[in-house]
Structure formats: C-alpha cells, structure tokens
Amino acid sequence: MGFDTHKARVAVLMGGHSAEREVSLMSGAGVLQALLSKGIDAVAFDPAHTPWMALREQGITHAFIALHGRHGEDGTVQGALELMGIPYTGSGVMASAIAMDKHMTKRIWLAEGLSTPASIWLTPAQQTPEALAAIPQQLGLPLIVKPPHEGSSIGVSKVSHSDQLMAAIALAKQSDPFVMCEAFIQGEEVTCPVLGDADHAFALPVVRIAAPDGAYDYQNKYFTDAVTYHCPSGLPKEEEQAIQAMSVAAYRALGCRGWGRADVMIRASDRQAFLLEMNTSPGMTSHSLVPMSAKAAGMDYADLCVRLLADARLDSSM
C-alpha cells in the first residue's frame, strides 16, 4: 500500500462530460460514501462544474477516479493530475489512452499472441459504400458495430443482415467519427477484474453475465434487473483459471496498474476465449461487476475502495 489513506484529502472525481456521465455519478456516489465510512477525508468533485485547478485550492492530495469514458478514462485526466502532482487511482496516461482505443488495444493484444475477435477499423474516409459492402463477406454475419472510443456498450449494434449495416454505422458515428466492425462471437460473456501492478497483478473471480437475448446493452447494464450475474461463475475450474490468466496477461500487455476489468467472450462451439476490451476505470455502481467479484473473494465494497485508493500514484513516481 502506497500511503496512509487517513492522512489524505481525497477528491472523488465523478460526472464529467462523457456519454457515461450518469453512470459515473452513481459510481462516484458509492465510492464517496465508502471512503467516508472508513474515516477518510473525501469530497465529491465534478469537473463538469468545477475547474481542475480547484483541486489545488481545496488542498486535495489524492484523486479517486470514478469518471468513465472520454475525458476521464482516456488518459486526459490522468495527464492533468500528473501536471498538478496529484496521485490518482488506476492506470497511468499511456495505458489509459491505449485501453480506451479498442483498435490500438487489439493491435497490442494480437502482437502479444492474445486472442481477440477479428475486426475492421474504418476511418471517416474509409466509410464508403464499397468498403461497407465488403464487410459482411470479410467478417461474416452476424457482426458487431461499435464506436472504438466509447464504453458501457454505447453506440453498439449487432448486425444480423447486410441491410442493417448502414443504420449500425450511423448509430456508432453519433459517438465517434471512427467505427469498428468486429466478428460476432456466439457464446457466453464473462468479465474478469484484475488488481495490482505489473508482475504483482492478480485476477479476482470471473463473473458470468446472462442477458436477455444477449442484450447486454447500456440500459440493461445499469438501469434494469433483466441481466443476471453469476459469481462464482459456474465455469469449469480450468476454464475460469485460463480466463483469469488471459485477463492478467491482457492487463500487463497494456501497461495497466491499480485495477481494471477484462471483458471476454467464450465461443460456444469450442470454448475458446476472446478478449473484447479492457476497462481501466470500471463501474462502481450497485450493478457493477468489480465489487461483485471482490465480494466473492472476501473483500467488501468499502475495503475495495480503500485498497484502490491506497494504490494511487503518479507515472512520474514509478
């Protein structure tokens, strides 16, 4: 543990300007209450309403990042905190920026020999009718269309027929000028949290996700009880251990630290696991999966928050 959390004045960063603002406010509220319950001097800080330099004016010594998505999870906030010399939770500038970019994440994982679904990256100039028409032949159907710089399944569509592709592209472009098309993996969706740094990183229990008709979308993730979560996962022991090992390898490959959560699909036909993405500022709401997994490992919500805070640091101090 890096420092005495009870000597810190902590800003819980929440809200912000991203498409995930509403979820971030819920995560931040939970974290703030948890830290206060442990006797830690913590305050809420919403950068959508308060200038960043107010952190110094308020005597903040550490930041707990409960922001999600752009301008929170993508390295920009981490860079600002580096410049102000305020240690923060989670990954540093580079790992945060890479993990937020699904295309760059895949390039690194593929270079490291890690399994991830085949995909096609489209810049605005490449989104021609001719290029789009070829995608179903290249990736097969169904396929997934997503904005590569968003989280929480925002702007994601499953395309089962070629005539649905243009609408899916248009939806993704509402969130991002770039678009990623990805081969669809038919099977079970699981997620695996990882805590710690580099060689000392370790996986928490895998959570298996069962969504109605596979619709694990933004609404079902946060605002309904239609999705069921299984932790323990119910997977065979060897399969769970393999997913945990893959998640830790994916985390290390990106240079993550503090905590993260790997989203994984298990193909039904042969039980091969495929990495989808790495979340470097996972949700901490009542529906969130890292607290659920930590609880299964014997760590309650408040203790998890304190542990994450105790690992706060700067890139420049490593």
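Let me begin with a definition: a residue is called buried under 20% relative accessible area, exposed over 50%, and partly exposed in between, with a 1.4 Å probe and protein chains only. This is a predicted model, in which local features need pLDDT of at least 70 and side-chain atom pairs count only at pLDDT 80 or more, while totals for chains, interfaces and linings use all residues. Residues are numbered from 1 along each chain as its sequence is written, and side-chain values use heavy atoms, with hydrogens and water left out.

Helices (H or I, at least four residues) and strands (E, at least two) are DSSP runs, numbered from the N terminus.

Take Arg257 and Asp315, whose side chains meet in a salt bridge at 2.5 Å, N to O. Arg257 sits in the loop between α9 (237-254) and β12 (259-267), and Asp315 in the segment after α11, so this pair ties together parts that are 58 residues apart in sequence. Asp315 is partly exposed, because its relative accessible area is 30%, whereas Arg257, at 5%, counts as buried.

Since Arg313 is in the segment after α11 (301-310) and Asp197 in the loop between β8 (187-195) and β9 (202-203), the pair ties together parts 116 residues apart in sequence. Arg313 has a relative accessible area of 23% and is therefore partly exposed, while Asp197, with 15%, is buried.

Is the pair of Glu182 and Lys146 buried or exposed? Glu182 forms a salt bridge with Lys146, with 3.0 Å between the closest N and O atoms. The two residues, 36 apart, link distant parts of the chain, Glu182 being in strand β7 (residues 179-183) and Lys146 in strand β5 (residues 143-146). To answer the question, Glu182 and Lys146 are both buried.

Finally, beyond these pairs, a network of salt bridges links Glu188, Arg208, Glu239 and Arg271.

Key. A salt bridge is a side-chain nitrogen of Lys or Arg within 4 Å of a carboxyl oxygen of Asp or Glu.
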